[in-house]
Amino acid sequence: MKKRLFIPLPYLLSITFIIVWWVIAFNSHEKTVPTKELTQTCTQPESVILSKLDRQTIRRALDGDLTTIVQLLTDWDIDARLIQDEGVLPNEQFCHAMSLARQLQQETEETSARLLPQTFVSASFLLALSPPENIIALPKAMRRHRHLYPGDKMDAISLDIDGYNTEILAKNKPDLAFIAPYSHPSTVQTLKNQGIELLSIDNISSVDEVIESLHRVGKAINENRRATLLALFIEAALNTVDNHLSAWCEAGNILPKRPLYLTRVMNFAIPTEKTLQAKLLHRLGINQPNVNDTIAWQHCIDLETIAHYTPDCLIISCSDTQAIHNLIDQSKALKHTPAVATRRVFCIDEETQNAPCQYLVLAYFDIAEALKMGGNG
Amino acid sequence: MKYSLWATLVVCSIATLILGPTSLETVWQGVLERFSGTSDSWNPLLDERLPRLLVLIATGASLSVAGGVMQSLFQNPLASPGVLGMTAGSSLSILIVLITGCHIIYPFAIPIAAIGGCLLTIMIIWSLSRCHGMYHLILTGIALSTTLIAIHGVIVYALRDQWQLMQTIAEWEAGSTLDRTWQHAHMQLPLTIIGLIGCWRYRREINILALGDEDACNLGVDVDTVRWRLFICVALLIGGAMAAVGVIAFFGLVLPHVIRRLQGPDNIRLIPLCAIAGATVLVLLDNILRFFTIHWLSIGNLSAALGGIFFLGLLVQQLRQGATYA
């Protein structure tokens, strides 16, 4: 019996040592309880001169709604003339856009090619350019992002693209499949074997590439005019965001001097110049540190580097606002940065930021709104 | 060798502490203010670099010693904690935590899962094979490891559409020393201390176990107890390291093997050397990544790549010399 009591002693001592260490370490660790909401929702401040920029309305237009496109283009053109004495687009392009919109509004939709988009980008373009009944299936994961892609159109397409329903997809006789350079070779071969014509959409990392890909998709499905209109709308929308930002600054507001745009999955990271985000940030005049890289898409960044940069506004692209909220609140490293000290930390939707399609307009809009919120207006 | 390793470790540690974006003057001023009690604000040296250094030292020492002990116990130079499924058990439990998102609410869920997964695996193996000798123990370990890896694969495949989760898993599996704080250090250090003390305590018994179970019994070693305790020590070392840094592949295999070749199989010398060498190499690798700002590689990638190349070189050299690998 004595021996039995003696044997577990090393185990008991070890467990006690570990538990005591943890209890002392973690109980003495100061827990910061958030006292007030750190992250803020981006909202559009009231404007006395310009039309209101509403995210949902812009999104509806990007979904391909012609009436909204016409209405927004008209409003934005007036806004632009009020600010800078010239339209939101060069005159010729604006007239072309309005002419295309009128033509398309008067036409009845015709059933055209049967389409199979393998990627989010091509599916996103097709949902805007073509009626849902022409689209055979969608990438499965796309349906989860109803806050970005049009839910009603996606609901009208019942099939998902999945390795297990190749035969069902083939039975629907697609005429054209949209693939990407990273598509699985065996999937591509299967589509070829089924006699389906393939169109590869390259990786997109700039606004020009989005427009170019949009035109390619439009041409391939014989929806050139619709694609051109959407491309012109994207250009007009980006210009409008710029115009609103300049008008906001001219009204006496000041943008943050050292804003920092970060992404967050396991670690904080900065998008490199290879990314679409970097181009959007550059257009907004945000100069990020350490972004020159031809290989990586992002650079991980530690808290010390963030703190050393002393940002006065943090814009964080993330999927979980609450997690970022807790992290920033508990971070001693970031506590004294001007951004956190003055509560200028803004979380923006990661899905929107990572969508290299027409919804880049919303990504741009979100960053611009965060910048305004981070300014001292 | 021991002294040169110590010297390298000291130099690398100093480099870890002084290199960073914040100027040394600012850092030092913050340290003085902290110790004089005039400020409790965050300091890069005390709150970022020092805990990172401790985590690196603890992780390097843990992985290397764990590998060395496993190689001695199994009398096999290719043995590592992965053989008994410890790494797989730890990985799977962490994967489950990442999927459920527990770590967002409870940050310590990952370390606890890592240690729990490791210990649970070794307990299952032990309970299934303890009465059937070392051969069955290894076979059970390989079988369980394969099963756990398969479950891991099934889960990852089922969730492949959730790219955010996939990115999180990929980042964790690549190993990272970014933003290691005192939380990581406190979580890992007691486990490492107990694990290392345990391995050191049984260094002579490990030597005797190399003679075979029967001889070890005749020499008065309680084979089952010693082996079980060493497995627990290895589980603590591996669990702590995986929780703190992620997967650092090849580290527990190559480094102890090289040291064994250079210094011989005596565990009285081998275990401390493994600890120092592991700590030194991991701190050195972290310094290389940071100094040359190599953003496209993680510390896990680098250690695996260098370890693999080094191991291959070693094998080729042996083949050329016509030596048998043992």
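This is a predicted model: local features need pLDDT of at least 70, side-chain atom pairs count only at pLDDT 80 or more; totals for chains, interfaces and linings use all residues.

Visitor: What makes up the contact between α4(A) and α5(A)?

Guide: From α4(A) come A:L66, A:I69, A:V70, A:L73 and A:D77. Facing them in α5(A) are A:F94, A:A97, A:M98, A:A101, A:L104 and A:Q105. By class, the residues of this contact are nine nonpolar, one polar and one charged. Asp counts as charged, so A:D77 is the charged one.

Visitor: And in chain B, why do α3(B) and α9(B) count as roughly parallel?

Guide: The axes of α3(B) and α9(B) cross at roughly 30 degrees and come within 9 Å. Angles under 35 degrees count as roughly parallel, and therefore this pair gets that name. The crossing of α3(B) and α9(B) is left-handed.

Visitor: Which residues make that contact of α3(B) with α9(B)?

Guide: On α3(B), they include B:P51, B:L54, B:V55 and B:A58. On α9(B), B:W182, B:H184, B:A185 and B:Q188 are among them. The contact of α3(B) with α9(B) divides into twelve nonpolar residues, five polar and no charged.

Visitor: How do you know that domain 1 and domain 2 of chain A touch?

Guide: Residues are in contact if their C-beta atoms lie within 7 Å. Six residues of domain 1 of chain A meet that test with seven residues of domain 2 of chain A, so the two domains do touch. The assignment places domain 1 at 115-202 and domain 2 at 254-374, and their C-alpha centres lie 32 Å apart. On the domain 1 side, the touching residues are four nonpolar, two polar and no charged.

Visitor: What makes up the side of chain B that touches chain A?

Guide: Here 24 residues of chain B are in contact with 30 residues of chain A. On the chain B side, α3 (44-74), α8 (163-174) and α9 (182-201) each give two or more residues. The largest share, five residues, comes from α8(B). Sorted by class, this side of chain B has ten nonpolar, nine polar and five charged residues.

Note on methods:
Residues are numbered from 1 along each chain as its sequence is written. Chains are lettered from A and ligands numbered from 1 in the order in which they are written. Helices (H or I, at least four residues) and strands (E, at least two) are DSSP runs, numbered from the N terminus. Domain bounds come from an automatic or database domain assignment. Axes are lines fitted to C-alpha atoms, for helices over the stretch in contact, and angles run from 0 to 180 degrees between N-to-C directions. Angles under 35 degrees count as roughly parallel, over 145 as roughly antiparallel, 65 to 115 as roughly perpendicular and the rest as oblique. A crossing is left-handed if the near helix is turned anticlockwise from the far one by less than a right angle, and right-handed if clockwise.
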